[in-house]
Amino acid sequence: MIHIAICDDEKVILNHINQFVSDFFFRKNIEKRISLFSSGAELIQSGEQPDILFLDIQMGQMDGMETARKMRSQGYRGEIIFITILKEMVFDSFEVRAFDYLLKPLKEKEFEHTMERLLSVLKRADERKLLIQRGNEDYIVSFDAIRYCEVIDRKIYLHLDSGEIMDYYGRMNDLVEKLDARFYRCHRSYLINLWYLESYQKGFVHMTGGDKIPVSRSHCREFSQVVLAYMKEWRI
């Protein structure tokens, strides 16, 4: 069963998304549970941890972005899809690692395109693993757990979401081939997981956990386009 939560302070929009979700999962013959919330505070107080969260950005009192920040700070790891009237808000969504955003008024074709990509991600979740060798032992590391990779001399250091750093002998070029398109080589020595990107300022990316990673001059111009493409296309 997939648990979906929808949070919007406009009842018409709330019901509209609910209908889209119900129809989509009915056609897919997938069992689902849907929870409806009319405010960010109500959602947080519920303590629910849905697999998929549709979240309106422009809400009164606690807006959707603040709601998402609080949920992420409390350990929420589900997929967030923002609902907004402003396309420019997509850049703010990097901070809370949103899967996608949908513009109001909602169009069923765009909704289904996002949901098809998201279902593909959920179905392939167990396949995204990295096998590394340390000495005589093999280790399996989930792509989701890797915040960024760093190469120093002949060693690669995997900086994990847990705070642990795993090192092994290897080549960055080989690692790039093994990982998927959410990972971007922003510098000859760094490969970042865009899922953990918080912001980009003056030649540096700021990652969750406080790390500051340089972006080489040759990549600065394309970086914004890479991030936008990641948000819309990498999970197809």
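The exercises below treat selected residues, a set of strands and a pocket.

The model is predicted, and local features need pLDDT of at least 70, side-chain atom pairs count only at pLDDT 80 or more, while totals for chains, interfaces and linings use all residues. Residues are numbered from 1 along each chain as its sequence is written, and side-chain values use heavy atoms, with hydrogens and water left out.

**Exercise 1.** Determine where Asp 8 is placed and whether Asp 8 is buried or exposed.

Solution. 
- Step 1: Asp 8 belongs to the loop between β1 (2–7) and α1 (11–28); helices (H or I, at least four residues) and strands (E, at least two) are DSSP runs, numbered from the N terminus.
- Step 2: The relative accessible area of Asp 8 is 1%, so this residue is buried. Buried means under 20% relative accessible area, exposed over 50%, and partly exposed in between (1.4 Å probe, protein chains only).
- Step 3: A polar atom of the Asp 8 side chain lies 2.8 Å from the backbone nitrogen of Glu 10.
- Step 4: With neighbours within four places in sequence left aside, Asp 8 is in contact with residues including Phe 37, Asp 56 and Lys 104. Contact means heavy atoms within 4.5 Å.

**Exercise 2.** State the location of Pro 50 and name its contacts beyond four places in sequence.

Solution. 
- Step 1: The loop between α2 (40–46) and β3 (52–56) holds Pro 50.
- Step 2: Pro 50 has a relative accessible area of 1% and is therefore buried.
- Step 3: Leaving aside neighbours within four places in sequence, the contacts of Pro 50 are His 3, Ile 4, Ala 5, Tyr 76 and Gly 78.

**Exercise 3.** Describe the two faces of strand β14 and its pairing with β13 and with β15.

Solution. 
- Step 1: β14 (residues 204–207) has Val 205 and Met 207 on its covered face, and Phe 204 and His 206 on its uncovered face.
- Step 2: β14 is antiparallel to β13 (residues 197–201), with 4 bridges; two strands pair if DSSP finds at least two bridges between them. Within this pairing, Tyr 200 has Val 205 as its bridge partner.
- Step 3: The hairpin of β13 and β14 has 2 residues between the strands, and Lys 202 takes a positive phi near 50° there.
- Step 4: The pairing of β14 with β15 (residues 212–214) is also antiparallel, over 3 bridges, and Phe 204 stands opposite Pro 214.
- Step 5: In the hairpin of β14 and β15, 4 residues lie between the strands, and Gly 209 in the turn has a positive phi of about 100°.

**Exercise 4.** Characterise the second largest pocket by volume and by the classes of its lining residues, then examine Thr 208.

Solution. 
- Step 1: The pocket contains about 200 Å³ of space. On a 1 Å grid over the protein atoms alone, a pocket is an open set of points where a 1.4 Å probe fits, with protein on both sides within 12 Å along at least five of seven lines; lining residues have an atom within 4 Å of a point. A volume is the space filled by probe spheres set on the points.
- Step 2: The lining has 3 nonpolar, 2 polar and 7 charged residues. Ala, Val, Leu, Ile, Met, Phe, Trp, Tyr, Cys and Pro count as nonpolar, Asp, Glu, Lys and Arg as charged, and the others, Gly among them, as polar.
- Step 3: Among the lining residues are Arg 97, Tyr 196, Glu 198 and Thr 208.
- Step 4: Thr 208 is in the loop between β14 and β15, and its relative accessible area of 10% is why Thr 208 counts as buried.
- Step 5: Leaving aside neighbours within four places in sequence, Thr 208 is in contact with Arg 97, Arg 147, Tyr 196 and Glu 198.

Key: Polar contact = N/O pair within 3.5 Å; in protein donor to acceptor, adjacent residues only side chain to side chain.
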